[in-house]
Amino acid sequence: AAGTLPRDRKARTFPCAVPESPVVTYTWTQAEPDLRTHDALSSLAARLVYLGHSSSLVRVHLVDRMPTPTLVPGREGCLVRVPAPGLIAALDEALARYEATGVRGPLPCDYASYGYPAEEDDDQTPESVFEEMIVLRREAGPRLPLAAAEQVALSLRAALMSQIPNPIPEMICGHHADGSPLQRPHVAFAALPNVGHPHADGALLGVCLVLPHNLEESERDLLMVALGYISQLRISRTVCWSIASPHLNPDRQVSIGLLTETWIGPARRFATVTPIELDHFVDDRLGAEAEELVARSALRAGLPRPVRVNLSPVSSFIGGGHIRDVRRYGSGPRRPLVHAIIDFGVSVRGPVALGSGRYRGLGLCRPLERL
């Protein structure tokens, strides 16, 4: 009856965070309620429809099963609001104050520090097929975006191949004498970007070799001799880098992205910095079939089967970017690219590189342990 209201209605927005898993379990290790208390808690949980805000819809059940905790109190990580002695009385006082004055004010609460559980014994920590990273820093030359990671990695490979006399060992070139691809782990190449902190821009900081466990000492020596002849890295006809070990200039600060411990871990979860190239084409690059391909790739890398794989078109790291930003330089078929968070359930040690492009700079992962 009023007709069109003459007002400019704005869309409402709500900040939100989407959990990796839709199931979240809160556990109390010292709580053993009697049957009456258990039934009362179960009835209360069944009537709970949202948490915090009416837009945060939930279903809650009381269960006796206690899963392995992924966050525990008393460790560095994040602050979580928790119940504390005297909290109910403080809330009653806040309610009475609101009813008397109409002023809500901040609600009382207490906080506790939560973080990841203590790491397992290093001797029992699963390791990937890769063992060592030899890092070279960009000393001079144009800044390149993360999109050029595959090209930079292949440029280092080409530079090394030009310095090693024939026949080049299979573990270095990645091929048999007849040109067929090697089926066992061999030397990989990767560019290292500036990601994972509030000011990260994704620019490439340097490049590295990733050496497998089964590399012979003589083959490693051959690589190190060849690297000694490479001070200039020709990336294209117009782009050239001066490269050197980040430890050769002690007066220059080393970026965290060039430290091997940044990439190796150990950690329970790793996330991609450069996208994973799937082993074959799939109908849905973010679907269950693609998740299974990533899980199998982790097994091929010598790691435990992941308990959870979450796929996305965007990297979880600030500066990591979108899969559509990646420029492709390999000569093979352009298989689908995905970013992923891989949860192994236990701490594993890298370096971690997954997918069919793992030897040429794609699928490079980094520990994802910060909350």
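**Arg-137**

I note here that the model is predicted. Arg-137 has its place in strand β3. I then checked its side chain for partners: a polar contact of 3.0 Å joins it to the side chain of Glu-139.

**Aromatic pairs**

I searched the whole structure for aromatic pairs, and the search returned two. One of them is formed by Phe-130 and Tyr-359, edge-to-face, with 6.2 Å from centre to centre and 75 degrees between the planes. I placed both partners: Phe-130 belongs to strand β3 (residues 130-140) and Tyr-359 to the loop between β11 (337-348) and β12 (365-367), so this pair ties together parts that lie 229 residues apart in sequence. I recorded both Phe-130 and Tyr-359 as buried.

Phe-270 and Phe-344 also form an edge-to-face pair, at 6.4 Å centre to centre and with 75 degrees between the planes. This pair, too, links distant parts of the chain, with Phe-270 in strand β8 (residues 267-272) and Phe-344 in strand β11, 74 residues apart. For burial, I noted 0% relative accessibility for Phe-270, which therefore counts as buried. Phe-344 is buried as well, with a relative accessible area of 2%.

**Arg-366 over rings**

I asked which ring faces Arg-366 lies over. Trp-263 is one of them, with Arg-366 at 5.7 Å from the ring centre. Phe-317 is another, and there the distance to the ring centre is 5.5 Å.

**Val-348**

I located Val-348 in strand β11. Its relative accessibility is 0%, so Val-348 counts as buried. Leaving out residues up to four places away in sequence, I listed what Val-348 touches: Thr-125, Pro-126, Ile-264, Pro-266, Ala-267, Phe-270, Leu-303 and Pro-304.

**Cis peptide bonds**

I noted a cis peptide bond between Gly-265 and Pro-266, with omega about 10 degrees.

**Strand β4**

How many residues of strand β4 are buried? I counted six of the six in residues 188-193, so the strand is largely enclosed by the rest of the structure. In a regular strand, side chains alternate between the two faces of the sheet. I sorted β4 accordingly: Ala-188, Ala-190 and Leu-192 point one way, while Phe-189, Ala-191 and Pro-193 point the other way, and all are buried. I then looked up its pairing and found six bridges to strand β5 (residues 204-212), with the two strands antiparallel. Opposite Ala-188, I found Val-210 of β5.

**Helix α3**

I checked the span of helix α3 (residues 149-163): its 15 residues reach 22 Å from first C-alpha to last, close to the 21 Å expected at 1.5 Å a residue. I listed its buried residues as Ala-149, Glu-150, Gln-151, Val-152, Ala-153, Ser-155, Leu-156, Ala-159, Leu-160 and Met-161. For reading such a list, I recall that an α-helix has 3.6 residues a turn, so residues three or four places apart point the same way.

Technical notes:
Residues are numbered from 1 along each chain as its sequence is written. This is a predicted model: local features need pLDDT of at least 70, side-chain atom pairs count only at pLDDT 80 or more; totals for chains, interfaces and linings use all residues. Side-chain values use heavy atoms; hydrogens and water are left out. Rings of Phe, Tyr and Trp (its six-membered ring) pair if their centres lie within 6.5 Å; planes under 30 degrees apart count as stacked, over 60 as edge-to-face and the rest as tilted. Helices (H or I, at least four residues) and strands (E, at least two) are DSSP runs, numbered from the N terminus. Buried means under 20% relative accessible area, exposed over 50%, partly exposed in between (1.4 Å probe, protein chains only). A charge sits over a ring if NZ of Lys or CZ of Arg is within 6 Å of the ring centre and within 35 degrees of the ring normal. Contact means heavy atoms within 4.5 Å. A polar contact is a pair of N or O atoms within 3.5 Å; within protein, one must be able to donate a hydrogen and the other to accept it, and residues adjacent in sequence count only if both atoms are side-chain atoms. The expected span of a helix is 1.5 Å times one less than its number of residues. Two strands pair if DSSP finds at least two bridges between them.
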